[in-house]
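Dear colleague,

I am handing over the structure we spoke about, and below it you will find what came out of going through it. Please keep the sequence and the 3D view open while you read.

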Amino acid sequence: MSTAKIVLLVVYAVLIGLALMQGDSSIGIWSLRLLGILIVVHIIEVAVYFNLCKKAGGSLGGHLVNVFLFGVLHVNELKAAQGKS
């Protein structure tokens, strides 16, 4: 797993922690809003890159989960593996 993906997982963990522990404060509310925005953006990415994931071989579900979690970071890895830029 790349360093960028690990950093992104840490960011998600921090946002989830803030949303759960500081839920009534402004930082908790904004953390939850930011998580919601990220979810919507990543759902759109899954739809946009579905065919690329399908052509990549291997587990389609695994690729879709990775695109949902990591977005263009995983898409760039798929493109590099297929020899595309």
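The largest nonpolar core of this predicted model is made up of seven residues, namely Val46, Leu52, Cys53, Leu64, Val67, Val75 and Leu78. Two or more residues of this core come from each of the helices α3 (50-55), α4 and α5 (72-82).

Two packed helices are described by the angle between their axes and the distance between the axes. Here the axes of helix α2 (residues 26-48) and helix α4 (residues 60-70) come within 8 Å and cross at roughly 140°, and the crossing of α2 and α4 is right-handed.

Finally, please look at Ile6, which has its place in helix α1 (residues 3-21). Is Ile6 buried, partly exposed or exposed? Its relative accessible area is 43%, and because this value lies between the limits of 20% and 50%, Ile6 counts as partly exposed. From C-alpha to C-alpha, Ile6 and Trp30 are 22 Å apart in space, while 24 residues separate Ile6 and Trp30 in sequence.

Best wishes

Key. Residues numbered from 1 in each chain as written. Predicted model: local features only at pLDDT ≥ 70, side-chain atom pairs only at ≥ 80, totals over all residues. Heavy atoms only, no water. Axes fitted to C-alpha atoms, helices over the stretch in contact; angles between N-to-C directions. Helix = DSSP H or I, 4+ residues; strand = E, 2+ residues; numbered from the N terminus. Left-handed = near helix turned anticlockwise from the far one by under 90°. Core = buried A, V, L, I, M, F, W, Y, C linked by side-chain atoms within 4.5 Å. Buried < 20%, exposed > 50% of the residue type's maximum accessible area, 1.4 Å probe, protein only.
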